[in-house]
Amino acid sequence: IRCWSNIPFITMPLSRAHGKSFAHRSELKHAKRIVVKLGSAVVTRGDECGLALGRLASIVEQVSMLQNQGREMMIVTSGAVAFGKQRLRHEILLSQSVRQALHSGQSQLKDMAIPVLEARACAAAGQSGLMALYEAMFTQYSICAAQILVTNLDFHDEQKRRNLNGTLHELLRMNIVPIINTNDAVVPPPEPNSDLQGVNVISVKDNDSLAARLAVEMKTDLLIVLSDVEGLFDSPPGSDDAKLIDIFYPGDQQSVTFGTKSRVGMGGMEAKVKAALWALQGGTSVVIANGTHPKISGHVITDIVEGKKVGTFFSEVKPAGPTVEQQGEMARAGGRTLAALQPEQRAEIIYRLADLLTDQREEILLANKKDLEEAENKGRLALPLLKRLSLSTSKLNSLAIGLRQIAASSQDSVGRVIRRTRIAKDLDLEQVTVPIGVLLVIFESRPDCLPQVSALAIASGNGLLLKGGKEAAHSNQILHHLTQEALSIHGVKDAVQLVNTREEVEDLCRLDKLIDLIIPRGSSQLVRNIQKAAKGIPVMGHSEGICHVYVDTDASVEKVTRIIRDSKCEYPAACNALETLLIHRDLLRTPLFDQIIDMLRVEQVKIHAGPKFASYLTFSPSEVKSLRTEYGDLECCIEVVDSVQEAVEHIHKYGSSHTDVIITENEKTAEFFLQHVDSACVFWNASTRFSDGYRFGLGAEVGISTSRIHARGPVGIEGLLTTKWLLRGDNHVVSDFSEHGSMKYLHESLPLPQRNTS
């Protein structure tokens, strides 16, 4: 315990031993001591005269939030020169206007010339105001801030270095945020001395080098450098081929071309990279990111600390395999090669994969056993998820049958002509099917999903990125290996990629330049999270499977209990399982109703009463909390309706547009239900569980879509295709079709080529 002004402070140990930087972004959440460097472009306005108050307030809010979490925050800030320039300009204008008014009797401000302001004078005038602003902002969060001004000479004097180090440690112990800046009022011009030589030497020539020096001196865990660019690019930002570098490793400098520095400030990106690498060598992790973008500046610092993919992360540990960006590019190139193969060649790959699933079943089941044992030992999976995780010989045989079904039905999927039009003489237009591009499929606890989705992607000529749950890591690894073995027979191994890096799902959803469609396979929470996180990438799927069965007054006694039992009890965790049972009011207190209740009790299904159903009962089951509930277990809601029309209205109000069923012998009532229920799948006298790609004869499905564009219901090969237009002409130009031109539009429909239905 240390004391200051009679107030005791507990010296908290760091969360980790300093000396080695974090290897992965996901570890940044463990950072205890953090330096945030604010570049001139972040702190100043676009006119370079005054501060960007909104951005500054947002940064202070984020720093305060992290400080109040128990972290030790330090800020290295620019802005004194810009703030001083604003104040001095105001003073000069005011002084000139007074003198001119005394001299001429009138003010002619428009003719006044503002002299060039010397930077040191601006810094002297701006430092006190800048600090006062920081103090006022931090006070809003009950945090005290302290100013420290340094120069390069302070780091060359051993006694001054020790004093600075002691001061900073004392401030951090007292929960005070140190705000550090170079003393630009007295700082000498930068010398062309040796730059960044070794761990113990760094010349403080700008705030980038100052931040790096302080980060290492103070043994900080993380240095966040905020500038006016997204991070480090492999070529100057704005150039055609510039790509943001997600992770930068020492030795990669040769692959980077540096552009000009920002509009304000002393250092450019090259200075930032050199400072970052020096700090990294000293054991401090570094992220360079954009602190000016209006959409992200409000949470850029907290996002970095949470491990999100923001800016460029500097790491000394290179991953064994390719980055996810490289995998995306490989999938794109591999997918295009795959699409160019003959249909028979793509089918041959799928047949080979089906054979491998049965030939290598012992290895597959052994890997799956490891996953099951690890999941059971850690106790992190509920019983329904353990069932999904489990593979068996019968499951693998069913998978193989489904894959052969896909191979047989995919012969003319890609390149099929769906429309032909003669625009004019010798000018013919065709619309043909083509792959969507690169698919990202994210799935939980279902290793059998991997070969299914891979086969559909292969059949449709799409590149594929797969992100499976870590609970199925061993199973996914061997299944992906077998998939690549099958792809290798025609040299397209890279078309299907399994993401094994520590990429967060939210980060994958931001790769809009690499991914064309996201398909989530998992819990409703997973789907909702992906739909929320996807930035500019379409998401195909359903967030909930609230499926209804409506029992009409004309329902068959023999059919009712069979269909309800199968819909609810055959696999209650499935998204196409019954969740709400709608009963016509006239069936209450009838033998049929009693049979339904008895069957549900025998199957140990917990019943929740809807509001109307509860009103009819003296002693009712627990009343449902919400009619929009997906139970995913042996539970269901029972509600009463007065007519088929009311059943349709209930489904539209509380359903999820997934699968809904009517049980009746009245054809007219059934047709009304089939035509009016606006769901992806609507059935008559059949279980909800038929809503499945394999059962529909699609071979398999990538998922069930409840959206109203592109694909709906179980999505097979057709749902993974889009179209392009092919126009074949002979020296045709639009001017020939003008009012006085020589040609006329015909727009004749032409017959389609005969499809291969063998």
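Me: Which residues lie nearest the centre of the largest pocket?
Reply: You're looking at a predicted model: local features need pLDDT of at least 70, side-chain atom pairs count only at pLDDT 80 or more, and totals for chains, interfaces and linings use all residues. On a 1 Å grid over the protein atoms alone, a pocket is an open set of points with protein on both sides within 12 Å along at least five of seven lines, and a lining residue has an atom within 4 Å of a point. The largest pocket has 47 lining residues, and nearest its centre are L244, D246, K309, E325 and L511.

Me: How much space lies in the largest pocket?
Reply: Volume here is the space filled by probe spheres set on the grid points, which are joined across faces, edges and corners. For the largest pocket, that comes to about 1800 Å³.

Me: How many charged residues are in the lining of the largest pocket?
Reply: Asp, Glu, Lys and Arg count as charged, while Ala, Val, Leu, Ile, Met, Phe, Trp, Tyr, Cys and Pro are nonpolar and the others, Gly among them, are polar. The lining has 17 nonpolar and 9 polar residues, and its charged ones number 21.

Me: Which helix gives the largest share of the lining of the second largest pocket?
Reply: This pocket has a volume of about 1200 Å³ and 44 lining residues, with R446, R521, Y571, A574 and D692 nearest its centre. Domain 2 and domain 3 (548-701) each give at least three residues to the lining. Helices (H or I, at least four residues) and strands (E, at least two) are DSSP runs numbered from the N terminus. The largest share, 5 residues, comes from α14.

Me: How many charged residues line the largest cavity?
Reply: A cavity is a set of points where a 1.4 Å probe fits but cannot get out, and the structure holds 2 of 30 Å³ or more. The largest has a volume of about 50 Å³, with T77, L130 and Y134 among its lining residues. That lining has 6 nonpolar residues and 3 polar ones, while the charged count is none.

Me: How many residues of α7 are buried?
Reply: Residues are numbered from 1 along each chain as its sequence is written, and side-chain values use heavy atoms, with hydrogens and water left out. Buried means under 20% relative accessible area (exposed is over 50%, partly exposed in between, with a 1.4 Å probe and protein chains only). The buried residues of α7 include D208, R213 and E217. For α7 (residues 207-217), the count is 11 of 11.

Me: How far apart are the end C-alpha atoms of α15?
Reply: Expected span is 1.5 Å times one less than the number of residues. Helix α15 (residues 449-460) has 12 residues, so it should span 16 Å, and this agrees with the model's distance of 17 Å.

Note on methods
Domains from an automatic or database assignment.
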